[in-house]
Amino acid sequence: MALLEVEDLAVTFQRKGTRPVHAVDGVSFTVAEGQVVGLVGESGCGKSVTSLALMGLLAKRGVKVGGRALFEGNDLLTMPNSSLRDMRGSEMAMIFQDPLSSLNPVVPIGLQVTEVLKRHRGMKGEPAQKEAADLLDRVGIPDPRRRLKEYPHQLSGGMRQRALIAMAVACKPRLLIADEPTTALDVTIQAQILELLKELVAQEGTALIMITHDLGVVAGLCDEINVMYAGRVVEAAARRPLFANPTHPYSVGLLGSIPRLDAPKGEKLRPIPGSVRDNIAWVDGCAFAPRCAHRTDECLDGPPALVQTYTGHSYRCVNPFTSDEVEAAAASAPILRAPAIVDPSTETDGER
Amino acid sequence: MSTKTERIDRLAELTARTDEGGHGLWYEAFRRLRRSPLAITGAVIIAIFVLIAILAPWLAPYDPASQLWLSEIRGSEGFIPGPRPENWLGVDGLGRDELSRLIIGSRQSLLVGVVATLLGFTVGAILGGLSGAFLGMFGKPGRWIDSVLMRFNDMALAVPSLLLAISVATILGQGLVTVMIAVGVTQVPVFARLLRGSMLAQSHSDYVLASTALGVRKKRIVLNHILPNSMSPVLVQATLSLATAIIEAAGLSFLGLGGADASNPEWGVMLADSQQYLATNLRLAVYPAVAIIITALGFTLLGEAMREALDPKLRK
Amino acid sequence: MLRYIVRRLLQLIPTLFGLSILLFAWLHSLPGGPEAALLDVRATDAKRAEIRSALGLDEPLLVQYGRFMQRLLRLDLGDSFTTGTPVMEEFGRRFPATVELTIVAMVIAIGAGIPLGYLAARRHGRLFDGLTVTGSLLGICVPIFFLGFILKAIFAVQLGWFPSLGRQTPGIDATRVTDFYVLDGILTQEWDASWDALVHLILPAIALASIPFAIIVRMTRASVLEVLGEDYVRTAEAKGLRENTVRGRHVLRNAMLPVVTSIGLLTGGLLSGAVLTETVFVFGGIGSFLATAISNRDYPVLMGFIMIIAVIYVLINLAVDLSYSVLDPRVRVR
């Protein structure tokens, strides 16, 4: 049995006087023990909302949640609040995007770590202090004992995120959710944080859901990748197959839009035309249709069904890119030469 | 091209983003205000109040100064007639019709509120405006001007407002004008601080930086750009100040510093005068008090609604 | 840190200095001239001339100011017209009453205001919240002396639950130690005297507390609302911490910062509100004495009392400012 099985998760925001917003519109994926799963997509595609729904961190009012999310067989979405609260921080943990605003500015770092230890592992006093210092050390913060007494504004961005990671892994959770953990950080720090996550995950066998809009992050880290668009998963595959054979036009577009240092001079960038607001509702057809280079009449007949291939690659498209087309596109744009991006023999994947 | 594809293209156009930008802060704020129950209630109350004040002489059934029913009171050992057909709100301690006094009194109260706020606003805005402009745009010498001006301001702020009003009123002597000036003076530091802060914040904005870089003269930047953009919190405060002015004026009257004019009733004075009848005729205090409370509430509701509507943090 | 305190204390000096100038200017703007502060209204011209030369009012302003400052620094604020006693003494005699009143009012305002504001924020958008907001706006709009009237009329006169005036029931046997009646009762273990004093405090304290209460409710609500939307509260929830912990350590610790600072400002309102409230309840503190001084044109008392209150207000605000750096670590250092 998988660690986490998400089935048809749906989150609708309904505020007085406005149309309901289907932020998450039928998302399904699984996470196995120790697996790293990516949720990729542009801002507004519902990936963050998905994770917040799983953790039970969405507001109660004006929010409707549907579907099932089975964590070791227990549905997170219907669990009583107290049980969910017990699980948060101990079985499942989450780290967020902006490390400065995610830390309480008036409480010392040490206390913010020990409070998790106290809550879930019952640790107090000196043992808790020692454990907290050890945790900070493990995530790579120098001089941890001193840091315990310092306040968030006294730490640098990278160190704050490390501290948050320490708080998240303090109780050895089975599942860690990272919502754009590196977006707010410098590029050099980004790489360090990702390395840290990789290490921790490997050492403890923690499963990780990595949420990001950055395909590069995903390429280096994830076993399975789910590409989301407008609240649904439009393509899901293991890492190599996705980069080697992107099928959904959106994925193709995403990969094609990555600028590369070795692109010929004067070559134009290829963004996906339009924006996330140019969607239509899934009930009317494929939400991506207005922006899709590959669209046909069929695309407006109704929501495209999920197609599963025997390789475990699945996609939601009636007119997907064939591998020939991908080859052809790769020929004209060096970017899609997938093997160059994903190289299993090197530590740091690709050139970033 | 099939009809389906045409449909898609049209759909794409339809779902294309409509440009929401381009509307000013005021326009959006006004739209938000229109929907806010707080704002509407406040505005209605204010409208009624102003209407009554303007139409007062025609609305009041009797002359507020004439003690028509004095004989009734003298005769019956302190019994003062209450609400009855010929006096809807009854009669006051000196035999005058309470309703007429209340209606005519609205004029004075409105006058006090408006004049005091205008005074505070004008002087405060000049003080604060100069401060803010110099501090933000003129570097070192500007800072010096700001310190000097703000010193005065802090001095005024050091004394709690009612006491400040009392001090001013003592110099000027009793009367309605005194009350107006005294209350006005207490409002000056508030406006000064507010406008100064607002202008200071504006002068750090990107558009000011851009204008300066383009070589626009400082005076122009201040007058044409910073000043108009700093006005919104000041206007909110002006509305709220009107409420405070009416209440503080009542307080001053209570202490005996208000204009005790028989022919020109004023709510605060009416309230102060009603003290002597508290044990027997509480309603003589209730009527002017309720008038004051509702009017002040009207301005406060509108002012608070304005503050929320103009808050940039709440803009979508 | 110490340097910061010293620096702030030094900043006090120009403010106090400025206040003294203001006072001096005020003195000289009085109807009847500064000698009116020491003269009765009925004084003869000869007496007036005498006082004028005694005060050195014919001398240049600067010299006069010098003497004025001298007197101020000696804490000599002159004598009251009406009682003849030194102003300072009158103030000292009545100060404890007002302090007791102010403290009780503050306790009521904070004790009721903060929880209410917090609850309103938690129930944002619902009826409770709307009622609380409207109620607090109403609280600001009701003149406190009128509230005093009503409280007196209903709870003292009609229902008889509380006394309607004074600090203590006349005739009760109470020993005076500090002149803080409630405290005295506790110190001398005369519990009934203490209780009696407390009961006398309740109605005026409620009237006085109305405005700070309303302001505290609004500020707390606004502050809590803002904090609830902050990321670190989400982090605290994500850690699975208990509700009490999240509320206490994460929400309130941050939400209270702006509220605490405004408490300093609110005391100013309390001090001036005391003038009105004490008059209604004939409370015998500096407020009621000040009110009678107004009607008696007792200028020395007016000037002296207002000056002292202003100084106290400035000091309180300084204390609150300094305490802010203890509460918010981001402000510390440097």
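**Labels and their grounds**

Visitor: Why is A:Glu72 called partly exposed?

Guide: A:Glu72 has 31% relative accessibility, so A:Glu72 counts as partly exposed. Buried means under 20% relative accessible area, exposed means over 50%, and partly exposed lies in between, with a 1.4 Å probe and protein chains only.

Visitor: What kind of model is this, and how is it labelled?

Guide: This is a predicted model: local features need pLDDT of at least 70, side-chain atom pairs count only at pLDDT 80 or more, and totals for chains, interfaces and linings use all residues. Residues are numbered from 1 along each chain as its sequence is written, chains are lettered from A and ligands numbered from 1 in the order written, and side-chain values use heavy atoms, with hydrogens and water left out.

Visitor: Where is A:Glu72 found?

Guide: A:Glu72 is in the loop between strand E4 (63–71) and strand E5 (74–75) of chain A. Helices (H or I, at least four residues) and strands (E, at least two) are DSSP runs, numbered from the N terminus.

Visitor: What makes the phi of A:Glu72 worth a remark?

Guide: Phi of A:Glu72 is near 50°, a positive value in a residue other than glycine. Most residues other than glycine have a negative phi. A:Asp8 also has a positive phi, near 55°. A:Asp8 sits in strand E1 (residues 4–13) of chain A.

Visitor: Why does A:Asp8 count as exposed?

Guide: The relative accessibility of A:Asp8 is 52%, so A:Asp8 counts as exposed.

Visitor: And why is A:Ser83 partly exposed?

Guide: A:Ser83 comes to 27% relative accessibility, so A:Ser83 is partly exposed. A:Ser83 belongs to helix H2 (residues 81–87) of chain A. A:Asp134, in helix H4 (residues 125–138) of chain A, is partly exposed because its value is 37%.

Visitor: What makes B:Thr117 buried?

Guide: B:Thr117 has a relative accessible area of 6%, so B:Thr117 is buried. B:Thr117 lies in helix H5 (residues 98–137) of chain B.

Visitor: Which residues is B:Thr117 in contact with?

Guide: Leaving aside neighbours within four places in sequence, B:Thr117 is in contact with B:Phe191, B:Ala238, B:Ser241, B:Leu242 and B:Ala245. Contact means heavy atoms within 4.5 Å.

Visitor: How do you know that helix H3 of chain B falls short of a straight helix?

Guide: H3(B), residues 37–59, has 23 residues. The expected span is 1.5 Å times one less than the number of residues. A straight helix would reach 33 Å, but the end C-alpha atoms of H3(B) are only 29 Å apart.

Visitor: Where does H3(B) bend?

Guide: H3(B) bends by about 45° at B:Ala53. The bend is the angle between axes fitted to the seven residues ending there and the seven starting there. A proline, B:Pro57, follows within four residues. B:Ala53 is buried, and the buried residues of H3(B) also include B:Phe49 and B:Ala56.

Visitor: What is the strand order of the open sheet in chain A?

Guide: The eight strands run E6-E7-E8-E3-E9-E10-E12-E11, with mixed pairing. Two strands pair if DSSP finds at least two bridges between them.

Visitor: Why are E6 and E11 of chain A called edge strands?

Guide: Strand E6 (92–95) and strand E11 (307–308) of chain A each pair on one side only. E6(A) joins E7(A) through four bridges, running parallel. There, A:Ile95 has A:Ala178 as its bridge partner.

Visitor: How do you know that both faces of E6(A) are covered?

Guide: A:Met92 and A:Met94 on one side are buried, and so are A:Ala93 and A:Ile95 on the other.

Visitor: What makes E9 and E10 of chain A a pair?

Guide: Strand E9 (residues 224–229) and strand E10 (residues 232–238) of chain A share six bridges in the antiparallel sense. A:Tyr229 stands opposite A:Arg232 in E10(A).

Visitor: How many helices and strands does chain C have?

Guide: Chain C has twelve helices and zero strands. Buried residues make up 50% of its 334 residues.
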